[in-house]
Amino acid sequence: MAAISMRNIVKKYGDGFPAVNDVSIDVADGEFMILVGPSGCGKSTLLRMIVGLEDITSGDMIIGDRRVNDLAPRDRNLAMVFQNYALYPHLTVYENIAFPLRLAGVDNATVDQKVRAASKTLELDEHLQRKPGNLSGGQRQRVAMGRAIVRDADVFLFDEPLSNLDAKLRGQMRTEIARLQKRLGITTVYVTHDQTEAMTLGHRVAVLKRGVLQQLATPRELYEQPGNLFVAGFIGSPPMNFLPATVDGDQVQLPFGTVKIPSERARLLADSGHREGVLIAGIRPEYFEDASLVEPAKYGSGSTFDAKVDVVEWLGNETYAYIPFEAPPEVTEQLEQLERDLDGDSMRTQLVINLDGASKVEEGDQAKIWVDSRKIHLFDPATGRNLTLDAAHAGRVPSLTDAPSA
Ligand SMILES: Nc1ncnc2c1ncn2[C@@H]1O[C@H](COP(=O)(O)OP(=O)(O)O)[C@@H](O)[C@H]1O
Ligand SMILES: [Mg+2]
């Protein structure tokens with residue numbers, strides 16, 4: 001097992017475009033680290049530089065106590081766990097797992113001992129003589145992992161292993177991988193563009209945008225303290241709502257009315273140097289509630305407003321309601337850019353709110369909505385920076401903390 005330290009890693013392809021731009025990430029021994037971001041943000045490139053399949057333009061890649069920049073992949077002792085379809089259909093499970101050992105010319109007795117140890121860990125004992133085609137998706141994924149385990153690799157690397165599976169199987173496999181990683185305790189780097197996988201699998205998550213690290217934090221930190229608009233919009237489903245806001249002290253004027261934010265957040269905003277102009281307020285769907293359903297003890301920590309509900313989706317345990325709003329051009333431009341960055345297609349000038357399933361709100365209603373104003377973040381529309389960030393609980397936000405590199 002080993003820790004990985006990526007220091008100021010840059011990758012420029014032939015055209016000079018930095019696919020990975022000055023990224024520094026430390027993965028602790030035994031940690032499950034996720035690299036996440038939209039397609040093209042450099043995730044696979046970074047992973048391939050860890051494995052040694054791609055040259056590193058500049059920076060240091062340290063694995064264990066060795067600088068591996070110039071080591072061939074086979075000398076790095078890492079295992080790339082490929083998708084389950086990379087199994088050999090004509091070989092038994094046993095021989096599929098044994099494959100890397102056979103290639104390396106390992107003697108039969110050692111092969112047998114290692115395959116059986118791996119199969120025990122992976123609960124594949126009764127399947128060893130079967131062919132991959134007869135196994136469930138989850139079992140096949142375990143065989144693929146078995147192949148990595150027998151090599152006694154220091155690190156497991158996954159590149160979007162679940163992206164070709166249907167939603168149900170993806171859910172099962174996610175649980176499977178998380179369980180195995182916990183049991184094996186092997187340092188793991190896992191690439192995905194799926195924020196749900198990022199949130200559920202990893203100890204920590206590195207969010208990338210166009211080759212640049214945006215934030216490195218636990219799922220909870222990312223969710224509660226996103227460092228900028230990009231992270232705020234990327235993490236969470238349905239995504240955070242973004243609304244135009246003007247602020248006076250602790251009074252925040254939104255399209256629906258004025259809410260009062262906690263004095264600590266107002267102070268953070270004042271300390272950020274913001275004086276005037278339109279900001280972008282970020283409020284997650286579940287921070288809203290049907291005002292008639294809010295418990296009295298909670299009511300006072302929020303604000304209420306009246307709004308005309310356009311569409312209602314009742315799902316039994318919860319209700320989604322949609323409320324259109326107007327935004328000034330400087331805000332819509334920034335939100336359209338954000339949509340392009342996120343590879344998304346959601347319409348940002350409607351509020352999506354998540355109410356209790358008991359809500360009787362109907363389409364066309366003028367509804368009384370409560371919002372938990374303690375949880376509102378305010379972003380600078382020009383830079384995207386979160387001006388109300390509690391930096392002590394946000395993991396690492398390189399744009400705020402790291403010295404600019406030369
Ligand atoms: N072999 C290559 N030659 C030139 N450009 C590449 C090559 N591989 C990837 N890129 C570019 O580098 C960027 C990052 O790609 P990649 O690491 O595959 O992103 P991701 O895995 O996040 O989708 C993209 O702009 C992509 O077009
Ligand atoms: Mg990729």
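D22 is partly exposed, because 18 other C-beta atoms lie within 10 Å of its own. Here a residue counts as buried if 20 or more other C-beta atoms lie within 10 Å of its own, exposed if 12 or fewer do, and partly exposed in between, with C-beta atoms placed from the backbone. The structure is a predicted model, in which local features need pLDDT of at least 70, side-chain atom pairs count only at pLDDT 80 or more, and totals for chains, interfaces and linings use all residues. Residues are numbered from 1 along each chain as its sequence is written, while chains are lettered from A and ligands numbered from 1 in the order in which they are written.

**The whole chain**

- The protein chain has 406 residues, and 42% of them count as buried.
- Its C-alpha trace spans about 75 × 55 × 40 Å along the principal axes.
- You can find twelve helices and 21 strands in the protein chain; helices (H or I, at least four residues) and strands (E, at least two) are DSSP runs, numbered from the N terminus.
- Among contacts in the protein chain with a separation of 6 or more, 73% link residues 24 or more positions apart. Two residues are in contact if their C-beta atoms, placed from the backbone, lie within 7 Å.

**Domains and core**

- The chain is divided into domain 1 (4–223) and domain 2 (240–388), with bounds that come from an automatic or database domain assignment.
- The centres of domain 1 and domain 2, taken over C-alpha atoms, are 38 Å apart.
- The largest nonpolar core holds 112 residues, and V155, L157, A206 and A281 have the most contacts inside it. Such a core is a set of buried Ala, Val, Leu, Ile, Met, Phe, Trp, Tyr and Cys residues joined through C-beta atoms within 7 Å.
- This core lies between domain 1 (4–223) and domain 2 (240–388), because both give residues to it.
- Setting aside residues up to four places away in sequence, V155 touches A2, I4, I63, L78, I186, T187 and V189.

**Helix α1**

- Helix α1 (residues 43–51) is mostly covered, with seven of its nine residues buried.
- Those buried residues are K43, T45, L46, L47, R48, M49 and I50.
- Just after α1 comes G52, which takes a positive phi of about 100 degrees.

- Helix α2 (residues 93–103) packs against helix α4 (residues 137–149) at an angle of about 35 degrees, their axes being 7 Å apart. Axes are lines fitted to C-alpha atoms, for helices over the stretch in contact, and angles run from 0 to 180 degrees between N-to-C directions.
- V93, N96, I97, F99 and P100 of α2 make this contact with V143, G146 and R147 of α4.
- By class, the contact of α2 with α4 has five nonpolar, two polar and one charged residues. Ala, Val, Leu, Ile, Met, Phe, Trp, Tyr, Cys and Pro count as nonpolar, Asp, Glu, Lys and Arg as charged, and the others, Gly among them, as polar.
- α4 and helix α5 (residues 167–184) also pack at an angle of about 35 degrees, with their axes 9 Å apart.
- From α4, G137, G138, Q141, R142 and M145 meet L169, Q172, M173, E176 and L180 in α5.
- By class, the contact of α4 with α5 has four nonpolar, four polar and two charged residues.

- V93 lies in helix α2 and is buried, because 27 other C-beta atoms lie within 10 Å.
- Leaving aside neighbours within four places in sequence, V93 is in contact with L124, H127, L128, R130, P132 and V143.
- D65 sits in the loop between β4 (58–63) and β5 (66–67) and is exposed, because 8 other C-beta atoms lie within 10 Å.
- D65 and I4 are 61 residues apart in sequence, and their C-alpha atoms are 8.8 Å apart in space.
- V93 and I4 are 89 residues apart along the chain, and 31 Å separates their C-alpha atoms.

**Backbone features to look up**

- Most residues other than glycine have a negative phi, and most peptide bonds are trans.
- D22, in strand β2 (residues 18–27), has a positive phi near 60 degrees and is not a glycine.
- R210, also not a glycine, has a positive phi of about 40 degrees.
- R210 is in the loop between β9 (204–209) and β10 (212–217), and is partly exposed, because 17 other C-beta atoms lie within 10 Å.
- S237 and P238 are joined by a cis peptide bond, with omega about -5 degrees.
- P238 is in the loop between α8 (229–234) and β11 (241–248).
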